[in-house]
Amino acid sequence: LLVSSLGARAGTNEWTPIGPDGGHVRAIAAHPSAPGLFFGVAAGAIYRSTDYGQTWSVVRESLHDKLTRIAIDPSNPSIMLVTTDTNELFRSTDGGATFEKSIVPGRFVKAVLPGDGSALAASDDGRIYVSANFGATWQIRYVFGSPVAPYDIVATPQNPSTLYAGYGGGLFKSTDSGTTWILVNALGGIEPRTIAVDPGNSAHLLIAMLGTGLLESQDGGIS
């Protein structure tokens with residue numbers, strides 16, 4: 001299956017669909033060392049684009065009917081993790097050619113590969129899990145004070161030990177690989193659904209908020 005995008009270009013405050021067709025696109029991830037190479041999850045399949053998203057092809061069809069997020073290790077792009085809406089996780093060590101399924105200790109909302117040989121994941125039971133073998137086994141790293149649903153966890157490209165997490169209580173930050181966390185900003189009680197960190201400036205954040213649009217911060221989420 002090859003999916004071609006529309007030829008239109010997006011203007012300011014406008015968005016143009018570029019695919020892939022076939023269902024709800026849940027997440028995309030850029031290859032850290034191959035410009036133009038992207039992977040995405042949609043409708044239970046994994047897609048790949050080699051031309052900055054202009055066209056998409058299926059890498060793995062019918063992997064799982066509830067795929068949620070995909071992560072690529074920046075220091076070893078052959079390692080990929082794909083989370084699901086259940087307690088199953090899929091791991092690839094060959095750049096997505098094959099995937100191995102494992103059962104994880106919670107429903108992982110998102111897993112992240114910081115690039116330091118570890119993997120971290122946020123679970124819907126308010127816990128942060130860590131893996132020292134790229135997701136083969138997991139241990140609890142941190143438990144938030146009350147069970148709150150996490151929405152996102154990201155590592156800063158410049159420093160893998162610095163993480164941001166979006167929970168129902170606001171934007172949280174860790175500077176020790178998830179061992180401890182501090183509340184950076186309560187964000188007015190609005191849920192932060194997705195966090196993006198500028199690869200060239202870890203203090204520059206974009207946060208997609210539930211029902212209120214996109215927030216931008218130049219100081220690591222403080223304001």
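**The largest pocket**

The largest pocket holds about 1400 Å³ of space. A pocket here is an open set of points on a 1 Å grid over the protein atoms alone, where a 1.4 Å probe fits, with protein on both sides within 12 Å along at least five of seven lines. Lining residues have an atom within 4 Å of a point. Grid points are joined across faces, edges and corners, and the volume is the space filled by probe spheres set on the points. The lining counts 39 residues, and I28, A29, K110, I195 and A196 are the closest to the centre of the pocket.

A word on the source: this is a predicted model, in which local features need pLDDT of at least 70, side-chain atom pairs count only at pLDDT 80 or more, and totals for chains, interfaces and linings use all residues. Residues are numbered from 1 along each chain as its sequence is written, and side-chain values use heavy atoms, with hydrogens and water left out.

Now the strands. The protein has 20 strands and zero helices. Both are DSSP runs numbered from the N terminus: strands are E, at least two residues, and helices are H or I, at least four. At least two lining residues come from each of β2 (25-30), β6, β10 (108-112), β14 (150-156), β18 and β19. β2 gives the most, with six residues.

Take β6 (residues 67-72). Six of its six residues are buried, so β6 is largely enclosed by the rest of the structure. Buried means under 20% relative accessible area, exposed over 50%, and partly exposed in between (1.4 Å probe, protein chains only). Across the protein, buried residues make up 44% of the 223 residues. β6 pairs with β7 (residues 80-84) in the antiparallel sense, over five bridges. Two strands pair if DSSP finds at least two bridges between them. I72 has M80 of β7 as its bridge partner.

M80 leads on to R91, which touches M80 and L81, and also T98, F99, E100, N133, F134, G135 and A136, leaving aside residues up to four places away in sequence. Contact means heavy atoms within 4.5 Å. R91 sits in strand β8 (residues 88-92). R91 is buried, at 16% relative accessible area.

F134, one of the residues R91 touches, is in the loop between β12 (127-131) and β13 (139-143). F134 is partly exposed, at 23%. Its phi is positive, about 55°, although F134 is not a glycine. Most residues other than glycine have a negative phi. S62 also has a positive phi, near 55°. S62 lies in the loop between β5 (55-60) and β6, and counts as exposed at 65% relative accessibility.

Back to the lining, at β18 and β19. An open sheet of three strands runs in the order β18-β19-β20, with antiparallel pairing. β18 (192-198) and β20 (213-217) are at the edges with a single partner strand each, so one side of each has no neighbour in the sheet. Neighbouring strands of this sheet are turned by 20° against each other on average, direction ignored. Axes are lines fitted to C-alpha atoms, and angles run from 0 to 180 degrees between N-to-C directions. Six bridges join β18 to β19 (residues 201-209) in the antiparallel sense. I195 stands opposite I207 in β19. I195 is also among the residues closest to the pocket centre.
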